[in-house]
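Subject: A structure for you to look at

Hello,

Here is the structure I promised to pass on, with the sequence alongside. Have a look around first, and then read my notes below.

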Amino acid sequence: MLIPMIAARNVMGVVYLDTKVGSDEMMVSNAPLLQELADEAAMSLEVSSLYKDLDDTFMSMVRALGITVDAKDQYTHGHAARVAEYALQIGQHLELDNNEMRDLEIGAYLHDIGKIGISGVILKSRDKLSTEEMRAIRHHPEIGTRILTPVRKLARVALSIRQHHE
């Protein structure tokens with residue numbers, strides 16, 4: 001017996017049933033129950049697929065934010081991606097779990113997000129920075145922490161943003 005797994009009018013797969021013991025009538029009489037089980041399984045697959053799509057979109061937005069910060073300062077072009085690459089290599093070496101690796105990647109891409117709150121004149125300066133300008137630059141981790149803390153999904157990495165120059 002083949003039972004389609006349908007969710008949102010899409011066939012997600014089929015459940016194949018066969019028996020050496022029992023009868024075809026037993027399978028036919030249980031077909032409505034089996035269809036309900038197949039529909040539940042299909043719905044679970046659909047929800048899982050939607051969650052994966054949402055999560056992929058979230059991570060793409062994190063990467064885009066990191067790249068946006070880099071775009072403000074040509075001197076650091078590609079910096080966020082390089083930091084993420086190195087951080088993930090270190091994380092693998094330390095055998096971090098999946099959640100820790102994810103937080104590490106997010107923190108790496110967004111570690112300089114506080115530079116959004118720093119004057120472009122200071123960021124683009126090729127001259128030695130004044131004491132006041134250096135103080136402003138050194139403030140970007142706190143700015144980044146304030147930006148990320150209200151975002152529930154990013155609150156865990158806010159501490160790493162705050163401490164990334166320690």
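Before the notes, one definition: helices are DSSP runs of H or I with at least four residues, numbered from the N terminus. Their axes are lines fitted to C-alpha atoms over the stretch in contact, and angles run from 0 to 180 degrees between N-to-C directions. Please keep in mind that this is a predicted model, in which local features need pLDDT of at least 70 and side-chain atom pairs count only at pLDDT 80 or more, while totals for chains, interfaces and linings use all residues. Residues are numbered from 1 along each chain as its sequence is written, and side-chain values use heavy atoms, leaving out hydrogens and water.

Two packed helices are described by the angle between their axes and the distance between the axes.

Helix 4 with helix 8

Helix 4 covers residues 98–110 and helix 8 covers residues 155–162; their axes come within 9 Å and cross at roughly 50°. Helix 4 is therefore oblique to helix 8 (under 35 degrees counts as roughly parallel, over 145 as roughly antiparallel, 65 to 115 as roughly perpendicular, and the rest as oblique). The crossing is right-handed, a term for the near helix being turned clockwise from the far one by less than a right angle. On the helix 4 side, D103, I106, G107 and L110 meet R156, V157, S160 and I161 of helix 8; contact here means heavy atoms within 4.5 Å. This contact has four nonpolar, two polar and two charged residues (Ala, Val, Leu, Ile, Met, Phe, Trp, Tyr, Cys and Pro count as nonpolar, Asp, Glu, Lys and Arg as charged, and the others, Gly among them, as polar).

Helix 4 with helix 3

Here the axes are 8 Å apart and the angle is about 155°, so helix 3 is roughly antiparallel to helix 4. This crossing, too, is right-handed. Helix 3 brings residues including A80, A84 and L88, and helix 4 brings M101, L104, E105, A108 and Y109. By class, the contact divides into 10 nonpolar, two polar and one charged.

Helix 4 with helix 2

The angle between helix 2 and helix 4 is about 30°, and their axes are 7 Å apart. That makes helix 2 roughly parallel to helix 4. Among the residues in this contact are D55, F58 and V62 of helix 2, and R102, I106 and L110 of helix 4. Seven of the contact residues are nonpolar, one is polar and four are charged.

The cores

Which residues touch the most other members of the largest nonpolar core? Of its 16 residues, they are F58, V62, I106, L110, L148 and L154. A nonpolar core is a set of buried Ala, Val, Leu, Ile, Met, Phe, Trp, Tyr and Cys residues joined through side-chain atoms within 4.5 Å; buried means under 20% relative accessible area, exposed over 50%, and partly exposed in between (1.4 Å probe, protein chains only). Helix 2 (31–72), helix 3 (79–93), helix 4 and helix 8 each supply at least two residues of this core. Another core, of six residues, lies apart from it, with M5, L34, A38 and A42 among its members.

One last residue

D55 sits in helix 2 and is buried, with a relative accessible area of 19%. Leaving out residues up to four places away in sequence, D55 touches R102 and K153.

Happy exploring!
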